[in-house]
Amino acid sequence: MKKVEGIELEEPQLFGHPRGLTVLFFAEMWERFCFYGMRGLLVLYLTKALLQGDDQAFAIYGAYTALVYMAPVLGGRIADNILGYRIAIILGAALMAIGEFIILGGNATWLYIGMGAIIVGNGYFKANISTLVGKLYKPDDPRRDSGFTIFYIGINIGALLATLVCVWVGERFGFQYGFGLAGIGMLLGLLIFWAGQKFYKHLSHPPHPEKLHARVFGPFTQLHVTILLSFLAIPAIYFLIVYNSVVGILLIFTFLYVGYTLIKEGNKGGKILRDRMLIFIILCLFNIVFWALFEQAGSSLTLFADRNVDRNVFGLFEMTAGQTQFFNPFFIILMGSLFSVLWVKLSERNMNPNIPAKFGIGIMLLGVGYLITMFGNTVHNAEYLVPLWIIVGIYFFHTVGELFISPIGLSMVTKLAPEKISGMLMGAWFLSFSGSNFLAGQLAKLTGSRSTEAAEVVEGADAIPQSAEMLEAPEIINALPNAAESLSRYIDVYTIFGLIAVGVGLVVLILSPKLNKLMHGIK
């Protein structure tokens with residue numbers, strides 16, 4: 001042990017932070033490369049390779065992303081009570097890699113099975129690697145916030161690389177190569193995590209090692225049974241993806257139960273805790289509004305870029321449709337540290353907006369992004385393609401709005417509740433993201449313009465078309481909208497999204513002084 005400015009530091013250190021942070025940084029970076037590579041290609045794969053109609057593709061996308069955010073709630077509890085963080089993360093990484101490679105089977109059935117494996121794996125990985133980052137630092141360590149900021153940068157570097165490399169490979173050379181590359185990225189993350197375990201292993205032991213390795217069913221230990229049940233969960237998730245309307249019903253009942261539980265716990269704790277649980281539920285609802293509109297990125301905005309955006313970059317090269325998702329992580333990396341400084345400076349001058357006000361401003365900025373599409377009515381070319389700056393502007397304002405809400409909301413969750421229900425509150429926050437992603441899939445259907453007729457042209461429509469000629473068959477082309485109709489549909493729907501978001505955000509901003517009183521001093 002050595003001391004720097006009175007702080008005891010665990011050896012070894014790198015740039016003033018535990019070496020374990022470097023390991024977790026790169027492991028998470030490659031996991032995000034895998035996840036965002038898959039997300040960036042999914043709707044394009046469904047519509048262009050599996051010839052699904054827009055509505056069906058959006059419904060599958062919404063169910064998939066909703067389940068991705070539900071899974072960490074259970075994955076975190078299993079790690080806390082059974083596996084420990086190291087084993088849970090390794091199992092999650094392995095399942096995600098397996099899922100990517102299963103998709104290479106080349107039809108809808110293999111896709112849904114692969115998605116099921118990725119969802120289970122993400123539940124184990126995403127829930128626990130962030131927890132492990134926190135455990136690298138003592139509770140009062142002033143480096144903790146800085147460590148999480150560094151870790152957050154790793155997440156966005158992974159997302160940026162996924163859109164620049166993984167999505168590009170998938171669109172240019174074949175979707176199977178993109179999914180395969182995403183799987184290889186996950187294997188790299190797993191290898192890094194495994195190789196560097198000496199730097200964090202002491203913080204990630206199972207809660208009851210002797211129980212974990214004790215036999216509970218014939219020759220099978222608790223560890224074996226947990227792994228087996230994890231694989232058996234994949235067919236259940238396959239069912240939820242195929243019959244995706246069930247996910248919406250499941251979410252509604254889950255939200256009602258969680259809301260009732262939070263209010264009940266709040267009433268037990270007195271007026272202050274009751275008010276804090278109430279404002280938490282209210283902000284969860286606004287969070288759902290924000291992310292349901294924001295998460296068009298991987299669905300309708302990608303198809304908008306594919307069909308109605310001139311993606312030529314200064315005459316040098318042409319971006320693929322999926323690569324336009326690059327702008328969000330790029331702007332996050334560019335502006336994230338600036339916003340962290342901004343909040344400090346505003347606080348010093350007593351000008352920092354309260355948390356509800358930041359939510360309102362963030363939702364309004366999201367709306368401004370969508371309203372930019374109105375320029376498309378006058379600046380499109382003869383092929384009804386709008387210039388690239390339209391979608392760059394959308395992602396710029398969406399990202400600024402994200403910076404007003406995402407890190408602020410996560411910080412809020414850790415402050416609002418006493419320790420005994422902090423896990424419940426974090427689970428509820430994840431569920432709000434789950435609900436928003438499912439709703440995003442439903443909202444994306446409003447932009448849907450490709451009919452399911454195209455999928456009926458090719459016998460066995462779940463097989464990947466093997467030639468460009470097949471995709472250019474007259475029957476398929478006739479099932480598609482013309483460019484003018486498509487552009488008009490996108491502009492009309494996105495304008496409505498923008499007006500709703502600006503209106504909701506303005507109401508939240510006006511009500512923010514009253515809403516902030518329910519926080520009882522939480523900033």
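**Overall fold and selected residues of the predicted chain**

Thr 495 lies in helix α19, which spans residues 483-517, helices here being DSSP runs of H or I of at least four residues and strands being E runs of at least two, both numbered from the N terminus. The model is a predicted one, in which local features need pLDDT of at least 70 and side-chain atom pairs count only at pLDDT 80 or more, whereas totals for chains, interfaces and linings use all residues. Residues are numbered from 1 along each chain as its sequence is written, and side-chain values use heavy atoms, with hydrogens and water left out.

With a relative accessibility of 14%, Thr 495 counts as buried, a term that denotes under 20% relative accessible area, while exposed denotes over 50% and partly exposed the range in between (1.4 Å probe, protein chains only). A polar atom of the Thr 495 side chain is placed 2.6 Å from the backbone oxygen of Ile 491. When residues up to four places away in sequence are not counted, Thr 495 touches Leu 371, Thr 373 and Met 374, a contact being defined by heavy atoms within 4.5 Å.

For the protein chain as a whole, the secondary structure comes to 19 helices and 8 strands, and buried residues account for 54% of its 523 residues. Of the contacts between residues at least 6 apart in sequence, 82% join residues at least 24 apart. The chain exposes about 22,900 Å², of which carbon and sulfur atoms supply 66%; accessible areas come from the Shrake-Rupley method with a 1.4 Å probe, and for residues only the protein chains shown count as cover.

Phe 430 is found in helix α16, formed by residues 422-444, and is partly exposed, its relative accessible area being 22%. Not counting residues up to four places away in sequence, Phe 430 touches Tyr 69, Pro 72 and Val 73. The C-alpha atom of Phe 430 is separated by 9.9 Å from that of Leu 410, a residue 20 positions apart from Phe 430 along the chain.

Backbone angles were also considered. Most residues other than glycine have a negative phi. Phe 314, by contrast, has a positive phi near 55°; this residue is placed in the loop between β7 (312-313) and β8 (317-318), and it counts as exposed at 78% relative accessibility. A positive phi, near 50°, is likewise found for His 520, which is located in the segment after α19 and is partly exposed, with a relative accessible area of 28%.

Key:
A polar contact is a pair of N or O atoms within 3.5 Å; within protein, one must be able to donate a hydrogen and the other to accept it, and residues adjacent in sequence count only if both atoms are side-chain atoms.
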